Each structure stands twice: as structure tokens, then as C-alpha cells.
Amino acid sequence: MNHPVTWSGVASDAEARTGVMTTPHGDVHTPNFMAVGTRGTVKALDTEDLDGLGAEIVLANTYHLMLRPGDDVIFGFGGLHDFMSWNGPILTDSGGYQVLSLDPVVNEDAVVFRSTYDGARVELSPEKSIAVQESLGSDIAMVLDVPVNLPASRSATERAMLHTLRWAERSKAARSRSDRALFGIVQGGTDVDLRAISAKETADIGFSGFGIGGLAVGETRTERSSAITAVVPELPPSAVRYVMGLGDTEGILDAVSRGVDLFDCVLPTRIARHGKALTRDGDLSMKRAEWVRDSSPIEDECPCVACRRYSRGYIRHLVNTHELLASRLLTLHNLTYTYKLMEDIRSSIDSGSFESFRCEVVARRRQGLGHRNS
Ligand SMILES: [Zn+2]
């Protein structure tokens with residue numbers, strides 16, 4: 001059997017672990033974070049920016065790309081790597097999560113919904129999702145999972161979880177490219193028993209990595225932690241563990257402490273476009289009047305271009321006048337913050353000091369937030 005994506009451990013500190021995920025387009029040091037390039041672009045950045053930021057992998061959305069410009073068009077360019085001129089690893093989601101907001105009809109065979117672009121009826125089956133992701137040529141494809149609208153009853157959650165297992169088998173059977181990897185997705189909502197069953201059964205189907213889906217959707221931190229804790233022991237230790245859609249500092253630190261390797265989230269890039277900066281002292285709104293004459297950078301020790309060259313006062317001005325540069329600078333800053341967080345997480349695990357690092361980060365952010373709210 002071909003293993004286009006493998007993971008091997010480097011160090012561990014309690015449950016937290018570092019490792020290297022090899023892919024057809026290069027290595028990814030874990031724990032790591034994937035910036036979201038919804039339509040084949042991380043909004044406000046180009047791929048040279050991503051190189052400069054040290055991004056090791058990006059995520060792209062199957063749903064959006066299959067509708068615009070169409071996976072056949074991208075295939076004609078030699079795949080998504082060539083189309084978007086990014087030579088690093090790409091993970092594509094399966095499209096299941098995106099259709100949640102489109103009031104989809106889910107039947108045994110497929111999920112049916114109306115396109116956000118032109119209202120056309122679109123059918124997405126496990127086989128179709130795999131075919132699209134193979135046309136895109138992503139290094140890692142995700143199985144199509146069954147979307148559940150929240151809040152969901154236990155029986156609805158269980159039905160969707162079992163349905164996802166059947167689709168995981170179909171997704172695996174539909175693969176035609178042995179040079180690309182496919183990850184399973186664990187579901188089960190906030191029910192720890194369903195989570196454990198889903199993890200075990202998905203692991204039995206056999207994948208080199210596992211998404212833990214259906215989290216970061218409004219559950220409490222305790223519910224999320226319990227769900228992750230129920231899943232991890234059921235997965236093979238050599239497989240990648242990926243919490244889908246999670247990207248806040250405290251959430252990442254908690255998941256890493258439970259053995260998670262990979263994350264993605266629109267948060268750093270989305271809040272950048274809303275004028276917010278992530279900092280070690282908490283999130284900072286750059287719109288505020290108090291920055292108007294402030295000549296200091298967003299963060300003193302940050303190596304990003306926004307902090308090296310520009311003042312809070314200037315960035316506030318750009319945000320409040322809706323200049324494009326505001327989005328660009330804050331996106332660069334927020335991703336610099338996030339990649340630095342992941343790098344610090346890895347080195348603290350390697351040196352056996354993850355727990356004290358985590359406490360320090362959380363305490364400093366809490367103190368900063370408290371200071372600003374007082
Ligand atoms: Zn910065």
C-alpha cells in the first residue's frame with residue numbers, strides 16, 4: 001500500500017506531541033496551523049507572502065472551487081498547486097461543512113443544496129467529493145461527512161455519525177489516486193460515547209489521518225475537551241489528528257495538550273479584515289480612538305512588516321478609512337502571531353515544558369484582556 005502522507009513523532013510531553021508529516025509537496029512540522037485559502041487564495045495575501053510567513057501547508061475549500069471556477073478548469077492548469085502557484089502541501093476539505101448553511105437535503109446517497117453563486121441545484125456525493133479533490137490534486141483530501149445542524153438531538157447526532165461512517169467507506173473506495181492521501185472524519189457531537197465509537201470505527205476503515213469534525217461550532221470548552229479526549233485514544237498513534245475549524249489561542253493550546261497535531265481556522269485572517277489584531281496580550285481592535293496618535297507598533301517584538309514599519313496610529317487610520325492595506329497588514333500580523341504560537345508550542349513540547357508555556361500564554365492573554373476591559 002502506498003502512503004503518500006505519513007506522520008512520525010519527534011517528542012512528546014504528557015499527551016502533547018511534536019512530529020513531522022510528510023506529504024508529496026513537503027514536510028509539515030506538527031503541531032501546525034493551516035491558513036484557510038477558501039477560493040485558492042488566503043485572502044489579502046499572495047503565495048510569496050505565505051512563503052515569507054513560513055506557512056508549511058494551506059487549506060482550500062472544495063465546495064467553492066468546484067463551483068467557481070470549476071475543478072475541471074483547475075485540472076486544466078495542472079491542479080490547484082499550479083493554478084494558485086503554491087508549491088507547498090494543500091489540504092482540501094470535502095465540502096460537507098460549507099453546505100451546512102445552505103439548508104441541504106441529505107439522503108443516503110448524497111447531499112443536495114442550492115449553489116450560493118447562481119442558485120443551481122448541486123448534488124455532492126462521497127464519490128463526487130473525492131473526484132473533485134483528486135482533480136484539484138490536493139495532497140490531503142477529506143472524506144465527505146454528513147452535516148448536522150445544531151443544536152441536534154442525540155439520535156440525530158448518532159444517525160449522522162453512522163451515515164458519515166458509511167460515506168467514509170464509500171469515499172475510501174472511490175479513491176483513484178494512490179499518490180494523494182485521504183483523511184477520515186470523526187463525528188459524534190458532544191456525546192463522548194458517540195465520539196469514541198465514531199473514532200474507533202473510522203480508524204477501522206483505515207486512514208493516515210483523522211479530522212475531528214463538528215467542533216468549534218458553539219459547544220463549551222469543556223464539551224470540546226471531553227470530545228477530543230474521547231477520540232484520541234481510539235486513533236492509531238501514527239496517524240495525524242486534526243481538529244477542524246479550531247483556531248483560537250486557548251482552544252489550540254487545550255487541543256495540543258490532548259494530543260492534536262493539526263488545525264485550521266478562518267479566525268486569524270477573518271478578524272484581520274475586521275480590523276482586529278491577535279496579540280500575546282489578547283485581541284486588539286485597531287479601530288479604537290486611543291491609537292490615533294500612538295506611534296508604537298501593534299506588538300513590540302513582532303517581526304511582521306506591520307509591526308516593523310508601521311504604527312498603531314497609521315494602521316488605525318487605514319482600518320477606519322477601509323484601505324485595502326489594512327486587511328493585508330493585519331492578515332500578515334495575525335498569521336505571524338499564529339505561526340509563532342505554533343512554533344513556540346513545538347519547541348516547548350520538545351523541551352518538555354509545554355504545560356508551563358501554556359499556562360504562561362493563557363495567563364498573559366487573560367491579564368491583557370482584563371486590563372483593557374477595566
Ligand atoms: Zn506584527
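Here are some notes on this predicted model, point by point.

1. Helix H12 covers residues 312-320, and its buried residues are Arg312, Gly313, Ile315, Arg316, Leu318 and Val319. Note that two arginines are on that list, Arg312 and Arg316. The cover over these buried residues includes strand S16 (284-285), helix H11 (305-309) and H13. Just after H12 comes His322, with a positive phi of about 55 degrees, although His322 is not a glycine. His322 sits in the loop between H12 and H13 and counts as exposed because its relative accessible area is 71%.

2. **The second largest pocket.** This pocket has a volume of about 340 Å³. Fifteen residues line the pocket, and those nearest its centre are Arg280, Tyr337, Lys340, Asp344 and Arg364. Helix H13 (324-350) and helix H14 (354-373) each contribute at least two lining residues. By class, the lining holds eight charged, six nonpolar and one polar residue.

3. **The largest cavity.** How many cavities of 30 Å³ or more does a search of the whole structure find? The search finds one, and the volume of this largest cavity is about 60 Å³. Its lining consists of Ile130, Gln133, Glu134, Ser138, Ala141, Arg175, Arg177, Arg180, Ala181 and Leu182. Helix H5 (126-136) gives the most, with three residues, while strand S11 (181-186) also supplies at least two. Four of the lining residues are nonpolar, two are polar and four are charged.

4. **Ile185 in strand S11.** Strand S11 also holds Ile185. Is Ile185 buried or exposed? With 2% relative accessibility, Ile185 is buried. Leaving aside residues up to four places away in sequence, Ile185 touches Met142, Val143, Asp145, Thr164, Ser198, Thr202, Gly211, Gly213 and Met244. The C-alpha atoms of Ile185 and Ser208 lie 11 Å apart, with the two residues 23 apart in sequence.

5. **Helix H8.** In helix H8 (residues 221-231), Arg224, Ser225, Ala227, Ile228, Ala230 and Val231 are buried. Strand S11 is part of what covers these residues, and so are helix H7 (192-205), strand S12 (209-212), strand S13 (240-243) and helix H9 (249-257).

6. **Backbone details to look at.** Two cis peptide bonds deserve a glance. One joins Thr30 and Pro31, with omega about 0 degrees, and Pro31 lies in the loop between strand S3 (26-30) and strand S4 (32-37). Another joins Arg68 and Pro69, again with omega about 0 degrees; Pro69 belongs to the loop between helix H2 (62-67) and helix H3 (71-76). Ser85 has a positive phi of about 55 degrees without being a glycine. Ser85 is in the loop between helix H4 (80-84) and strand S6 (90-92), and its relative accessible area of 52% makes Ser85 exposed.

Conventions: Residues are numbered from 1 along each chain as its sequence is written. This is a predicted model: local features need pLDDT of at least 70, side-chain atom pairs count only at pLDDT 80 or more; totals for chains, interfaces and linings use all residues. Side-chain values use heavy atoms; hydrogens and water are left out. On a 1 Å grid over the protein atoms alone, a cavity is a set of points where a 1.4 Å probe fits but cannot get out, and a pocket is an open set with protein on both sides within 12 Å along at least five of seven lines; lining residues have an atom within 4 Å of a point. Grid points are joined across faces, edges and corners, and a volume is the space filled by probe spheres set on the points. Helices (H or I, at least four residues) and strands (E, at least two) are DSSP runs, numbered from the N terminus. Ala, Val, Leu, Ile, Met, Phe, Trp, Tyr, Cys and Pro count as nonpolar, Asp, Glu, Lys and Arg as charged, and the others, Gly among them, as polar. Buried means under 20% relative accessible area, exposed over 50%, partly exposed in between (1.4 Å probe, protein chains only). Contact means heavy atoms within 4.5 Å.
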